[in-house]
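Please open the structure in a viewer and keep the selection tool at hand.

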Amino acid sequence: MINHNEFMKIAIEEALKGIKKGHGGPFGAVIVKDGKIIVKAHNMVLKNKDPTAHAEITAIRKASKKLKTFDLSDCDLYTTCQPCPMCLSAIYWARIKKVYFGCTSKDAEEIGFDDKRIYEFIQNNPLENESEIKFTQISREECLKPFELWNQKKDKTMY
C-alpha cells in the first residue's frame, strides 16, 4: 500500500535540508516508481547559481539519469509546492502522470515567490502583445533547415 503522506514527509525533509544548507528556497521533491523512492531533491538555485534548479527539475534530471530514460510516465512526483510554470512544463515533457503537492502557488506568493506573473505573462500572449521581454523573430528560413532535417530523419526518437 502506497503511503502518500510518507513520500510527502520525505519531500518536506528535503526542503528543510535545502534551506538549512542555503541551497535555495523551501521546496523539496521525491520521484516514486512502483511504490519505491527513485530520487529525492531540493531546490538548488542558490547553490548551483542556476535559476532552473528547482526541486522538481532537479528531481526529474536525477531520475532520468538514474533510470536512463526521459520518459518518466511510470513515476509519480511528490512536491512540497504546486509546481511553477517551468516545473509544470518539465513534468509534462517527462510524461509524469501523477503529481502530489503540498502548498499552493498562492502560499508561495505570500512568501515572495511570484509564479502569478508568469501565468499572466503567458495568458497575455507575449509574442503578439507588449511584454517585459521583447520577442523578435529573425532568420526563420535558415532555422527551418534543422527542422526539415529532423522531419526527414527516419530513425528519430520522439520525446
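**A tour of charged pairs and aromatic rings**

Begin by selecting aspartate 74, which is partly exposed, with a relative accessible area of 41%. The model shown is a predicted one.

The side chains of aspartate 74 and lysine 33 form a salt bridge, with 3.2 Å from N to O. This pair links distant parts of the chain: aspartate 74 lies in the loop between α3 (55–67) and β3 (75–81), whereas lysine 33 belongs to strand β1 (residues 28–33), and 41 residues separate them. Lysine 33 is also partly exposed, at a relative accessible area of 23%.

How many salt bridges does the structure hold? There are 6, and two further ones are visited here.

Move to helix α5 (residues 105–110) and select lysine 106 and glutamate 110. Their side chains meet in a salt bridge at 3.8 Å, N to O. Because the two residues are 4 residues apart in this helix, about one helical turn separates lysine 106 from glutamate 110. Are these residues buried or exposed? Both lysine 106 and glutamate 110 are exposed.

Now select aspartate 155 together with lysine 153. The closest N and O atoms of this salt bridge are 2.9 Å apart. Aspartate 155 is exposed, with a relative accessible area of 56%, while lysine 153 is partly exposed, at 37%.

The tour now turns to aromatic rings. A search of the whole structure finds 5 aromatic pairs. Among them is the pair of phenylalanine 7 and tyrosine 78, which is tilted, with 5.1 Å centre to centre and 55 degrees between the planes. Phenylalanine 7 is in helix α1 (residues 4–21) and tyrosine 78 in strand β3, so that pair links distant parts of the chain, 71 residues apart. Phenylalanine 7 counts as buried at 9% relative accessibility, and tyrosine 78 counts as buried at 0%.

Select phenylalanine 27 and phenylalanine 113 next. Their ring centres are 4.9 Å apart and their planes stand at 85 degrees, so the pair is edge-to-face. This pair, too, links distant parts of the chain: phenylalanine 27 is in the loop between α1 and β1, phenylalanine 113 is in the loop between α5 and α6 (115–123), and they are 86 residues apart. Phenylalanine 27 counts as buried at 13% relative accessibility, whereas phenylalanine 113 counts as partly exposed at 32%.

Finally, select Phe7, Tyr78 and Tyr100 together: ring pairs link these residues into a cluster.

Notes: Residues are numbered from 1 along each chain as its sequence is written. This is a predicted model: local features need pLDDT of at least 70, side-chain atom pairs count only at pLDDT 80 or more; totals for chains, interfaces and linings use all residues. Side-chain values use heavy atoms; hydrogens and water are left out. A salt bridge is a side-chain nitrogen of Lys or Arg within 4 Å of a carboxyl oxygen of Asp or Glu. Buried means under 20% relative accessible area, exposed over 50%, partly exposed in between (1.4 Å probe, protein chains only). Rings of Phe, Tyr and Trp (its six-membered ring) pair if their centres lie within 6.5 Å; planes under 30 degrees apart count as stacked, over 60 as edge-to-face and the rest as tilted.
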